[in-house]
Amino acid sequence: MASASTKYNSHSLEIESIKRTSRDGLNRDLSETVPRLPGETLITDKEVIYICPFNGPIKGRVYITNYRLYLRSLETDSALILDVPLGVISRIEKMGGATSRGENSYGLDITCKDMRNLRFALKQEGHSRRDMFETLTRYAFPLAHNLPLFAFLNEEKFNVDGWTVYNPVEEYQRQGLPNHNWRITFINKCYELCDTYPALLMVPYRTSDEDLKRVAAFRSRSRIPVLSWIHPENKTAIVRCSQPLVGMSGKRNKDDEKYLDAIRETNKQNSKLTIYDARPSVNAVANKATGGGYESDDAYHNAELSFLDIHNIHVMRESLKKVKDIVYPNVEESHWLSSLESTHWLEHIKLVLTGAIQVADKVSSGKSSVLVHCSDGWDRTAQLTSLAMLMLDSFYRSIEGFEILVQKEWISFGHKFASFPTAFEFNERFLITILDHLYSCRFGTFLFNCESARERQNVPERTVSLWSMINSNKEKFKNPFYTKEINRVLYPVASMRHLELWVNYYIRWNPRIKQQQPNPVEQRYMELLALRDDYIKRLEELQLANSAKLSDPPTSPSQMMPHVQTHF
Amino acid sequence: EIHTNEKEVTEKEVTLHLLPGEQLLCEASTVLKYVQEDSCQRGVYGRLVCTDFKIAFLSDDDCALDNGESQFKNKVIGENDITLHCVDQIYGVFDEKKKALFGQLKKYPEKLIIHCKDLRVFHFCLRYTKEEEVKRIVSGIIHHTQAPKLLKRLFLFSYATAAQNSTATDPKNHTVMFDTLKDWCWELERTKGNVKYKAVSVNEGYRICERLPAFFVVPTPLLEEDVLRFQGHGIPIWCWSCHNGSALLKMSALPKEQDDSILQMQKSFLDGIYKTIHRPPYEIVRTEDLSSNFLSLQEIQTAYSKFKQLFLIDNSTEFWDTDIKWFSLLESSSWLDIIRRCLKRAIEITEYMEAQNMNILLLEENASDLCCLLSSLVQVMMDPHCRTRTGFQSLVQKEWVMGGHCFLDRCNHLRQSDREEVPVFLLFLDCVWQLVHQHPPAFEFTETYLTVLSDSLYIPIFSTFFFNSPHQKDTNMGRESLDTQSKPLNLLTVWDWSVQFEPKAQTLLRNPLYVEKPKLDKGQRKGMRFKHQRQLSLPLTQSKSSPKRGFFREETDHLIKNLGKRISKLINSSDELQDNFREFYDSWHSKPTDYHGLLLPHIEGPEIKVWAQRYLRWIPEAQIVGGGRVATMGKLLEMMEEVQSLQEKIDERHLSPVSLQAEAPCLLRNSVRLSSLFPFALLQRHSSKPVLPTSGWKALGDDEDLAKREDEFVDLGDV
C-alpha cells in the first residue's frame, strides 16, 4: 500500500538520515538513502520477500546494520519501508526446511517487543537464510556473542546533555529536602547496603545509619523504606520499600517497627502510618512461605495496612501477550470488546490507577504518610509511586519533570492520563518515543537494572542519554494545550467506562486503524496561535504608524489580511 | 443513608413556570429529591408537580448553579423537569424492594424512581409527604405518562393554540423544509439531479397516498399513472444524486398478495418500472432489499433496551459492580455492532455509487425506517453539504420528516404500542456521532448538537418529531381541514434553536474546528473533482489483483453498459463484493482526508465507541473533573475569541494605545477546571475527593499459577 511508509514513519523511531556513500559499493542507486546513525555500520544486505500481514508479499532489500534492520520495497507501486532497531527483537526463528514446498514458505520469523512480528521469505538456494539468521542473532543479542551493545558504539552528538537532567540532590532540594525531619544518608554510597538502590537515600532524621543496617536485614533484598516524595504543605511523605521478611513463624524486628514509627512521626498531625501492599492479600500471605510477608497489626500498632490487589509482572506479561494476539496482525471486529476484556489488560490498568489514586488522596488530604511496597518493590511499587506523584506534583507533568520521574522511579505506563489533555507539557509522541527506546539499545538510559550496574559500566560516559535527543528537539514533544497549574492534583477516574486500549501505541502497525496525526484540534490551535501572533504584530505596527503620523487614515486593514474562516 | 439539611425543611415557595397552554394537574409537597454529591447522597426538600407537559421538582436548591456554567440552560425544560414523553420507566420502592409501576396501584411506594429516555435517573422520597398527596401524585404521574393518548390530546396542540401569536420563526433559519415543490427543485438543482429526475406534485393534498409527502421526485420518464397504480408503492423515489450522476433511490414494497393474478399484475408493473430506469441515461441499478437481508427493527429494539440499561444506574454500587464486566456487557447488548453494520452497509452503498457508478434502489416495506437511516447516512458521507448545520437539518427534513418516518410510533409518544417503539432515529444520530468523533473537522456541528437534537425528540412543543407523516401533520394542523373557520395552527420547528437556547449557549452547537470550504473558481473545481474520482476508482496494487478482475475493472463501464445484467451479476459475486469493499475502504483510508469530500468511517473493533456525552452524562461516577475533550475545546474557543477580538480591533482601526490582552468574556472560561460532562450534569462537587471503585478483582482463571510466582526482573516487552 502506497501509504504504508508515511504511516509507519509518522509513528516510528527518530531517524537521522545520512546519504549512503558510494564507497560501500553495495548499492547501485546512489540517490537512495538508508538512515544511518554515527557509529552505525552496515553488516549485510539481502534481497527478500517481506510477507506483509496487511498487503501480502512484497519484494524488498533488507539491510542489517549493527543497530537496525531496514527494509525497502523493490516494487514500484509500494513505498513500504521497515525500520526496526535490533533491540526490539525478542526471538528469531527459521520457518520451513530444505524440503518445504509452496510459495514463500522458507525464511525467517521475527518476534518483536513492540507488538509486531516480521516474516521474510528467502531463496532456498545458497546460504542466504543462514547468513541472515546468524547476522541477526549476533547483533540482536550482542551480549550473548561478546559484542558491545549499540549504545556503547553510538557516536551521536546533541547540544544538550541528557545525563545531567536528573540530579538527585537537586531533585530533593526542589522538594525542600533535607529538612529537620528528613536527611540524606550516604550509607549506600558504594552500594554496600543495597546493590539495587541508588547511592543517595532520603531517610528520617532521627534514624541512625546503624539502625538502617538493622532494618535492611529485615527487608527483602535490603530494600529499606526510603522517601520518594514529600507534600510541600502538609509534609506527608510517600515512602517505598520491599516486603518485610516475616516468614512462616511471623518474625518481628524491633528496628523495623521503630523505623516505621519514625517515618510516621515525620508528619506530626497523625496517629497512623498507611501501608499499601500492592499485592493481592492471598499473594502476600503466600509469600510468608518463602520468607516474606507483610506488616502485621500486632507488630505495627501505629500502622494501617491495606492490599491493592495488583497482580505481579508475570500476570501482566501474560495479559499483554493476549493483547498482542487480539491486535496483531488483525484486529478483532465484532467481538473486539469481549476479547479486550478477556486480556484483563485494562483491568490491570484500572487497579494500578485505583491504587495510585488512593496513595495520592491519602497524601494530598494530609491524613497520613504512605509506605508502599509489593514483594521486592521494583515493579508494582514503582508504578504506584510514580503515578501518584504524577497526580500530586505538576512538576512531573512537564517534559523535564517526567524525565526525572522516569529516571528516578522506573515506570512503564502509557496513556492513562489522556483524559487530562491540558495538564501535561508533553505529547503522545514523547511517551511513544520513550517506549520505543526502552528496547532500541540506541541510548544508555534504560540499560541495566540499577544504578550500581550502570555505574560499574560507566554508562553516562560511554553512551548517549535519550533525554539528550529529546531535550534538543523539545518542540516536537510539546503539547500546545499545556496549562501549567502548580498545585493541581489530578484524579483520573479508574472506571472501565473511561479506559481504552492505547491504540496509537498498541495497534500502530495496522494501516487500517486510524492514526490521527496530526491531531486536528491541535493543528487548528497552532494555526490560531500563529494568526494571533500575526495580528498582534500588525496591531503593534498600526499603533506605531498611528503615533508617527496622525493624518492620512490607513487603507482598510480588513482588505489586507485574511479573516479567520470560522463562525464566532 | 441520606443526610438532610434541617433548614431546608422550611420550603421556600418556588414558582412553577408554565408554558402557554400548560396546566397543572397534581402536586405533592415535602418531597425529598436525592442529589448525588461527592459520592454520597443528600436530600433536597421540594414540591413535585405534574402538568400536562412535564413532571417538575421545585426547590430553591439550584441557586448554586447560578454561575457561568449554567449558560447552557435549556429555556424550555429545566434541570429538574421531565417532559411526560421523556419518561421511560417508573419504579416504586416498597420495603427496600424496587418494582416497576403500572396502572392502578393498591399500595403506594415510599420512593419513586424515574428513568428517563435521555437517561437521567430521578429518585424522589415520599416518606415525609402526606398520604393523600402521595396517592395523587403517584397515580397522576403514572396515568399521564403511561396511559394511551389520542393524538389530538398531545400538548403540542394546546401549546400551539395558546402561543398562536407569540410564535415567530427565526428568520436566519435556512433549513429547507421540503414542503414545497420549489424546495425539491432546489435540491435537484443543487445535486445536478435535474437532468434525469423531476419533481412532481401528483400527491398534492395527499390525493394518492398518505404515506408520501405532497411533493417528491421521480425519474423523468415515469408516468403519473404509474404513481397512481399502487398508491405510490413500487415506484422509485429519488433521494439524492451523486456528482458522477448516479442516484440514490428508494421504493416501498408492493402490498403482499396471495392471489396469482394480482401477483402477475404486480410483476409486470415492476418489470415496466425497472425497464424505465434500467436503460440509459440511467445507470445500472442495484437493489438493496433492506427488509430481508439487513437489520430487523426487532434487533434494534432489543439491542437498545439492553444497551440503555447499562446507563440507567441507580447508585454508586451498581456503577462499580458493572464496571469490571463493562466490555462484555457492552458487547452483549449488540448496540455497537448494530452501528457498525449500518456504517458498513452505508460504505458498501457508497462504493457502488462512487466507484462503480451504479444507482442504488433501497427497498423496504414502507420505505420509512432503515431506508431513512441508510439514505441519510450515505448522504452525510458523500455530500459535504449534509455536514453543515443547515444541510444536516434539511437532510433530516427530507429523509425523515418528509420521508414519513413514523416518529410518533417509533418514539411511542402516544403510548399506544410498546412493540412499535424502536430508536431508529437515535441509531442514525449515533452513526453520525461516530463520524463526528472520528473526523472532527468535517462537521459544522458538534456532538453537543447531536445530543440536544436527540433530547428534542421528547419535547412536545416542536412538531418535527411528533407525527408519523406529513399527511398526518397537515390534517391535524387544520391546514387541510374543510373547517375554514379555524385558522391553521402554527407549530414550532425544532430547527429554531433559539426556542431552546440563548445565543451564547448556541455557540456550543457550532464546531470551532470546522472550516468552510474555500471557494474555488469553476475550472479549478472541475479539475479537482476529476482527480478525486480517478484516485478512487484505480485499483490499488496492480500486483495483487487477479487478471480476471483486472479485465473487468478496466472495462467495467463499457462492458456493463453493453452486456447488462448478466455481467453485473457476475461482478457482484460475494467474494468480489468483499474485495471491492475492502479495496475501496482501504484505499480511502490510506489517503489524507479531504474534509470537504467523501468521508468514510472506520469500522474496526476499537474504532466504534460509546457516545459518552449522550449516554454517560448524568452519571456522577463517570465525571472527570478538569478533564475530557472539553478542556482542549475550551482552550481552542478562548484562542478563537482572542483572535477575533484582535481582528476586530484591527478592523475598527482602533489605534489608540490599548493593551493587547483580549478581554472578551468566554463561555468556557477556565475550561481546564470544567468537568468532562460539560455542558451537561453540572454536578456540584465541593471537595476534590477522587472517586474510587468499590469492587475488586475477579477471578483470573488459568493465570492463577502465574499469580503465585515471585517478582523478578522481567522484560515486559517480551511478549
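Strands here are DSSP runs (E, at least two residues) and helices are DSSP runs (H or I, at least four residues), both numbered from the N terminus. Two strands pair if DSSP finds at least two bridges between them. This is a predicted model: local features need pLDDT of at least 70, side-chain atom pairs count only at pLDDT 80 or more, and totals for chains, interfaces and linings use all residues. Residues are numbered from 1 along each chain as its sequence is written.

**Exercise 1.** Trace the open sheet of chain A and find its edges.

Step 1. Seven strands run in the order S4-S3-S2-S1-S7-S6-S5, with antiparallel pairing.
Step 2. S4 (81–85) and S5 (89–95) of chain A each have a single partner strand, so one side of each lacks a neighbour in the sheet.
Step 3. S5(A) pairs with S6 (residues 107–112) of chain A over six bridges, in the antiparallel sense. In this pair, A:Glu93 stands opposite A:Asp109.

**Exercise 2.** Judge the confidence in chain B.

Step 1. pLDDT is the predictor's confidence in each residue, from 0 to 100. Chain B averages 82, and 78% of the residues score at least 70.
Step 2. Within chain B, helix H18 (residues 547–563) is lowest, at a mean of 37, and helix H10 (residues 370–382) is highest, at 98.
Step 3. Where pLDDT is low, the predicted coordinates should not be read in detail.

Notes
Chains are lettered from A and ligands numbered from 1 in the order in which they are written. Side-chain values use heavy atoms; hydrogens and water are left out.
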